[in-house]
Amino acid sequence: MLYGIAAAAATLLLSALLTGVLRVPALRLGITDRRRRRPLPLSGGTAVALATVLVAAGADAAGLLPLGAGVGRMAVAAGCVALLGLAADLRRLRWWVAPAGTAVAAAFVVPYEETGVAAGVAAVGWIVVATAAFRALDHADGLAGTVGAVGAFGAAACATAELMDGLAALLGVLAAALAGFLLHNWFPARAGLGAGGALFTGFVLASSAVFVRAGQGIGAGAAVLYALAAIGCADAALVVLGRRLDRRAVTRGRPDHLGHRLRRLGLAPRAVPVLLGAGSAGGALVAVCVHTGRLSPGAAWWVAAAAAVLVLVLVRRPVTPVFRPRQRVASASSQVSERLRVRSG
């Protein structure tokens, strides 16, 4: 227990330090996102992945927190997925490259001896979907870090109930790394997670859930897997449904995610990750209770119903910026000035 607390504290500090130190190299290399009309360095993803892997590997090598062969293989695969995401941050890749790379990594991680071949293939597909859904949450300050940390705690509780101490240790270290990153990512963010950090986090969370439920009931397993990833699934469903209704390409980026639409309702930037983090905590609690037998698998339907209501309420919200009266006047004045300048020129 004492070693776990020390590892978590070390990871939090290391992640916070690396996120700040790597901001300048990220800006110089062009590893940035565009938020509030300024470049946001995506140093958090590298910091979270490095802090998690270094502390977990160091504790395992020292014999303080043994991970085990399966968990160690998962950490290596997650590191490879993080490198793929870093490549996506550096240059624009085709939309299918990240899912394909995630599928290859997941194929080496799934414990087929416990799941069987058919369920193992389905598990690979779930890891790909859940990882992609989590990556899409990195569209608002503090959102991906909050949901990821809550999901890591929920998965760690399930792993602890199965006496998977190595897996619980890795998830605890990941949660601490995300907490350190959030010190720089809370609104207004000074650093972002990026594709590298989002793919790494989503892959670890999805793979851990598969590890925990391997060899157990399919119905309860599906309920646990969904409840842990409910917010990411709701965001993905909202995006796909909204773009199809608007007859737009699903793979083309647009400000139409959960965080964007909640902001259109008038929520403050800091309220969005708090609200969705609370929703993620509710889903994680249901997942833990179903996994430990305190609730029936049918409880996941309540989570699905809440997510469906959220999607249906938000799917028709406008996704274009809505200006306040003063902002409209200022915008109109700037447009008139620009036209006069063009004519005079």
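Reader: Which side chain does Arg35 meet in a salt bridge at 3.5 Å, N to O?
Author: That of Asp33. Keep in mind that this is a predicted model.

Reader: Is Arg35 buried or exposed?
Author: Arg35 is buried, at a relative accessible area of 8%. Asp33 counts as partly exposed, with 30% relative accessibility.

Reader: What about Arg35 and Asp141, how far apart are N and O there?
Author: The side chains of Arg35 and Asp141 form a salt bridge at 2.8 Å, N to O. Arg35 sits in strand β1 (residues 32–35), while Asp141 is in the loop between α7 (117–136) and α8 (143–161), so this pair ties together parts 106 residues apart in sequence.

Reader: And is Asp141 buried or exposed?
Author: Asp141 counts as buried, because its relative accessibility is 7% and the cut-off for buried is under 20%.

Reader: Different spot. What does Asp256 form with Arg243?
Author: A salt bridge, in which the closest N and O atoms of Asp256 and Arg243 are 2.8 Å apart. Arg243 belongs to helix α12 (230–245) and Asp256 to the loop between α12 and α13 (258–264), so the pair links parts that are 13 residues apart in sequence.

Reader: Are those two, Asp256 and Arg243, buried or exposed?
Author: Both Asp256 and Arg243 are buried.

Reader: Which residues do salt bridges with shared partners join into one network?
Author: Asp33, Arg35, Asp138 and Asp141.

Reader: How many salt bridges does the count come to?
Author: Six salt bridges.

Reader: Why can side chains pair like that at all?
Author: Side chains with opposite charge can pair when their charged atoms come close.

Notes:
Residues numbered from 1 in each chain as written. Predicted model: local features only at pLDDT ≥ 70, side-chain atom pairs only at ≥ 80, totals over all residues. Heavy atoms only, no water. Salt bridge = Lys/Arg side-chain N within 4 Å of Asp/Glu carboxyl O. Buried < 20%, exposed > 50% of the residue type's maximum accessible area, 1.4 Å probe, protein only. Helix = DSSP H or I, 4+ residues; strand = E, 2+ residues; numbered from the N terminus.
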